[in-house]
Amino acid sequence: VFSSLLQLNARAQEAFPKEHQGPELALQLLQVMQEHEIRPDVQTCTLILSCMGREWKVALSVLDAMKDDDQDFYPSPNHYAYAAAASSCAKAREYNAAMELLQEIRVTVTTNNTGVEANTVVYNTVLQSLQGSSNNIGRRSDLLLRAGRKKKRAGKKQKEDAVYRLDTALELLTWMEQDESERGWSTCPDRVTYNALLTVIANTAQAITPTASVWDELEQRFPNLFAYRLTEWTRRERLVHTLLDQMEESEVECDQNSYKQSLLAVGSGGLIPVVQVVGRFMKEPQFSRKPDLFNTALSVLADLGDIDGIQLLLGRMLKTGCRPDSRTITAIIRAMGNGGKASSLPVFLLALTGNADAAHHLFEFHNLQFDLKAFPPLAPKHYSEAIAVSLIASDFGNARRILLQMQDKNIESSDSALEAIGRSYALIATDSATFGKKKLDAEQASPVGQDSSRARAESAYSVLCRIDKPSTYLLSLTAKSCAANGLFGHAQELLRRIHNRMLKEVAGRMLSDAQFGLERSSEASRRALSKLHRSMMRYCALQGNVTAAMSITEDIEQFSRRMTWGLPSEGADDAIFSSEFVDTEEDEEDSSGIVFNGSPSVASEHSLGMKVPEWISLLIAASKSGQWKVCLTTLQFLRPYVEATHLQNDGRRTEKSNDDYKKLTPGLTYAMQCMELRSHYAWTIRTIDDWIQWSGRRPPREAVNSAFRILAKRGRSDEVHSLLTRCLHPPISDEETDGTMYELSLFVSAITALHKAGLYNEADDIFVDAVASGTLPFNLEKQTYGIERRFTLDLHGMNVAVANSAVRVALQQEVLSASYDTRDVWDNDVVIVTGRGTKSALQMRPVLRPEVQRMLTEEFYPPLSTTSVPGNMGALRVPADDVSEWLSHQRQQKGARMLTVAAVLKNLSSGNSLRAAFARARSRTMEQNDTSTDQDESSHPSSP
C-alpha cells in the first residue's frame, strides 16, 4: 500500500512539480510507517528518495539513516537507492554531493570487496548533476531578447566551476569504461550518458572559450576523446564529433536531445560548425523532416545575429521537405534584431501577411529573401516578439508601427504579449539608468537621458498594471527599473507584492515533519529575492536617497520576521510564487555569508532579512545625505558581523576571515565620510575606537584619513597623534594590505591633514615619529669638505605636505645639531632634489618643485630664495647666506624647541625618545612661565 502511494506521489510530482508537495507527503508517509512500526523495504525507501526532488539534504539524511548499522528500522541501501539520492543532488545541481556518493561506492567496494556496485544509472545521475545551468537557447522569449544586450563575461569562479565540471564529466566517462573492463560492472555508456556529456559541454561553452589553455590539458589527459586532427576545428568541435562517432560505433542511437546539445555546444563557432552538425541529423529521416532541430540551429545563429546563415539554413530546411513553424518565425525575428536589421521587422511582418509590395520591398531594400509562402500564419506572440526586439534595439518608431499593425488586424495583446513588452521596457530602463550613473555623477548626467529612462520605467509599470496576474519575474524586473530611476514608490509597492506572494506560498506549504530539515521555500527563490533586496538598496545608495532606503529596510525586516514565524500577510496576491522569479542573469556575489553567534534578530546567511551588502548600502545612502545619526545606528547592525572576524588571542587568522573583514570595511569608511561632512570629531573618535574593539584589527585607511581631517580642522592635533597611535596598535592581520604600506599611508595622511590645517609644527612632530620608526625615508647627504660644501635633501616620492615637513625638519636638524652657538656662521648651501616631473600627471610639469619654492618664500621667515642647479632642473639650491639669516632669526624665536629637535634627531632609534624630549621641553617652558608669574605677583601684590 505504501509503495503504491509513493509511486502515485512520484508521478504527481513529475506532472505538477510546482503545485504538488511531493517531499512533504513522502515524509508524512514515512512518519506513519514509523508510528505503526512498519519497516520499509529497499524499494519503498528508494521511492521515498525519488520523491525528494530538489530537497537533496533530506535525501542524503534518509540515505545516511539507511547506512547506519546501529538501527534496525531502515534496510541497507542498494545501487538504486544511491542513484535516487544522487538524482536529488543532480536536480539541485549539487554535483559535489553526487560525486561523494559515487566515490563512496567505488572506495567501499575496492577496500572491503563488499557493498554496492555502481552501474550505468548511478554514473548517469552523477553526470546529470554536472550539467549546471543551461545557456539561454530555447528559454523564454525575454531571456532570448537579452542576446542583443552586452553579454557579461564569465567571472573567475564561473570559469573555474565550468572547467571542473567539464573535466569531471570526461573523467567519469573514463571511469565507466574502466569499471566495465576491470571490475566487470554494468557501466557501459548509453544514450543518457552521452547526452549528459554533450549537455555539460554545451553549458560550459560560454565560460570556457575555444582558445582557453584548459583545452591543451584536457587533450593531454583524454587523447582518445579528441580524435579529429583538423586544424580548422576547435577542440570543442573535435570533442563533440568524437562523442557522436563513439555513439555510432557503440550502436547507441542518437535522439533529438543528442543533436540539440551538439548544436548548442558548437554554436559559438558560427555557421560552419552548425552546418556540420546539421549535416549529421539530415541523414536521418526522423529528424530531417521535423523542424525542431532546424529551429535549434536557427536559434543558435539568431543569437549570433547571422541573418545570412539563417537564410542559407532555411534553404536547406525547405529542400528536405521540412516546413517552417512558429518557432522558425521567432528565430528570424530575433536574428533580425541581433543582426542590426530591427528596422526591417515591420516590413517582414507585413510581407508574411501576403502583402506583395512589402515582400518586394523586403528583397530590394533590405536584402532579405525568404520563401514567404512556406511560413505559417502569424500569431499574436510574433508581433509581441517583434515589438520587444524593437524596444531592446531602442527603435521605438518601428515598435509603434508594429503595434499599429496589431490594431489594424484587431489583434488584442494577450497577457503574455504584455509581459514581453513590459520586460523589454524594464530592461531598457534599468540598463540606461545603471550605465549612465556608473559613468557620470548625478550632477553630470544628461537630463534628457534621465527623463527618457524614467519614462521607460513608468511605461513598464503601466504595462504591468494592465496584466491581471503578472509573473513574479516581471514584478522583479519592473521593481528594479523603477528603483534605478528614482521611482521608489512604485518599486516599494512591487516589492511588497512579491513579499506577499512568497508569504502565501509559505503559508500553503506548512510542513508536518521537520525531522530532516526540509526548507520552507526553494533555495533558488531565496537567492533571487536576496538579489532583488540587494539591487534595490544599491539603487538607493547610488542616488543617496536615505528615506527610501530606510523604508525598504523596514519592509525587508518585517518580511523576514514573518517568514521566520510563518505568518501570512493580509491581502496577499492570488498568484503563487513560481520559479520564474529566478533571474538567470549573473549578479554580483553575495558578500553576506559571514557566520557569527549573535542575536537572532540579525540576518544570518540563510535569512531573507538585511545582510551585509544591504546594511552597507543603507550606510552609503545615509552618508551621501549627511544623516550621521543613521550611520551610527546602522553600524550597530554591522557589529555582529565585525565581531565574527575578530582576531583571537592566539593570533589565528584565516584567509576567509580577512576576506570577510574587507567586505565590512566600506561601512566604516562611509560613516567617517559623513562625520567629516558634519565635522563631528567626538563621534569620530568613539566610532574608530569601537571598530578597533569589535574587530581587533587596524581600521581601514580611508576611514582613519577622514578622522584625521576632521580633528585637524578642529585644531585637535594631540588627538590626531593619539588616534594614530591607537590605530597602529592592533596586530597585522593581512601582510599584503596591513603592513608597512598601512603605516606609511596613515603617517602621510596625518601629516597632510595637519599641514592643510596650518598646524605645521604638529605635522613636523609626526614626521619625526615616522622617520624614527623607519616608515618614512629621510635621505640627507652631507658634503662638508672640498670646494663645494653643501647639504642635499632628496624629496622624491613625497607629497607637498610631507616635503614641507622634511625641509623644515632637515634645516632644524642639520643646522642646529651641528652647532648651536650664536657665534657660528653657516657657510653651506642646501640643495633640495624635487625631481623633473617625469611621473607627474602632466608630463614634465612638476608639482613638487614650484610648491617647495612657494613654501620657502611664503612660509619661512626670513624668506629663503632658490636657484636652479646648473645641469639639473630637478634640484633647487638655497644659498648659504639666506640659510644663515634664517638661522639667526630661528635662534631668537624658537630656541628651546629647536634644541630639543636637534638633540633627538641625532639618535633616530625610537619615536618615544622624541616625544619624551618634547614633553621635557614643554615642562621646562611651563616652569619658566610659572616662575615669571610668581615674580610679577610678588612685585605687584593684589589689593585686599
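**Entry 1. Salt bridges**

I began with Arg-235, which forms a salt bridge with Asp-216; their closest N and O atoms are 2.8 Å apart. I then looked up where the two partners sit. Arg-235 belongs to helix α12 (residues 235-249) and Asp-216 to helix α11 (residues 214-221). The pair links distant parts of the chain, 19 residues apart. I note that this is a predicted model.

Are these two partners buried or exposed? Arg-235 has 17% relative accessibility, so I count Arg-235 as buried, because buried means under 20%. Asp-216 comes to 38% and counts as partly exposed.

I moved on to Arg-334. Arg-334 forms a salt bridge with Asp-303, and here the closest N and O atoms are 3.4 Å apart. This pair also links distant parts of the chain. I found Arg-334 in helix α18 (residues 326-338) and Asp-303 in helix α16 (residues 291-304), 31 residues apart. Both Arg-334 and Asp-303 are buried.

Next I checked Asp-689. The side chain of Asp-689 meets that of Arg-726 in a salt bridge, at 2.9 Å from N to O. Asp-689 lies in helix α32 and Arg-726 in helix α34 (residues 717-727), so the pair ties together parts that are 37 residues apart in sequence. Asp-689 is partly exposed, with a relative accessible area of 28%. Arg-726 is partly exposed too, at 27%.

**Entry 2. Aromatic rings**

How many aromatic pairs are there? The count comes to 11. I picked out the one formed by Trp-628 and Trp-683. The ring centres are 6.3 Å apart and the planes stand at 40°. I call this pair tilted, because the angle falls between the cut-offs of 30 and 60 degrees. Trp-628 is in helix α30 (residues 628-644), and Trp-683 is in helix α32 (residues 681-695). The pair links distant parts of the chain, 55 residues apart.

I looked up the accessibility of both residues. Trp-628 is buried, with a relative accessible area of 19%. Trp-683 is partly exposed, at 39%.

I also found a cluster. Ring pairs link Tyr-259, Phe-281, Phe-287 and Phe-294.

**Entry 3. Charges over rings**

I then searched for charged ends over rings. The charged end of Arg-183 sits over the ring of Trp-185, 4.8 Å from the ring centre. That of Arg-697 sits over the ring of Tyr-661, 4.9 Å from the centre.

I turned to strand β5 (residues 872-878). How many of its seven residues are buried? I read off five, and the strand is mostly covered.

Strand β3 (residues 829-833) pairs with β5 in the antiparallel sense, over four bridges. In this pairing I found Ile-832 opposite Leu-876 of β5.

Strand β4 (residues 867-869) pairs with β5 as well, again antiparallel, over three bridges. Thr-867 stands opposite Arg-877 of β5.

What do β4 and β5 form together? They form a hairpin, with two residues between them. I checked Gly-871 in the turn, and its phi is positive, about 85°.

Technical notes
Residues are numbered from 1 along each chain as its sequence is written. This is a predicted model: local features need pLDDT of at least 70, side-chain atom pairs count only at pLDDT 80 or more; totals for chains, interfaces and linings use all residues. Side-chain values use heavy atoms; hydrogens and water are left out. Rings of Phe, Tyr and Trp (its six-membered ring) pair if their centres lie within 6.5 Å; planes under 30 degrees apart count as stacked, over 60 as edge-to-face and the rest as tilted. Buried means under 20% relative accessible area, exposed over 50%, partly exposed in between (1.4 Å probe, protein chains only). A charge sits over a ring if NZ of Lys or CZ of Arg is within 6 Å of the ring centre and within 35 degrees of the ring normal. Two strands pair if DSSP finds at least two bridges between them. A salt bridge is a side-chain nitrogen of Lys or Arg within 4 Å of a carboxyl oxygen of Asp or Glu.
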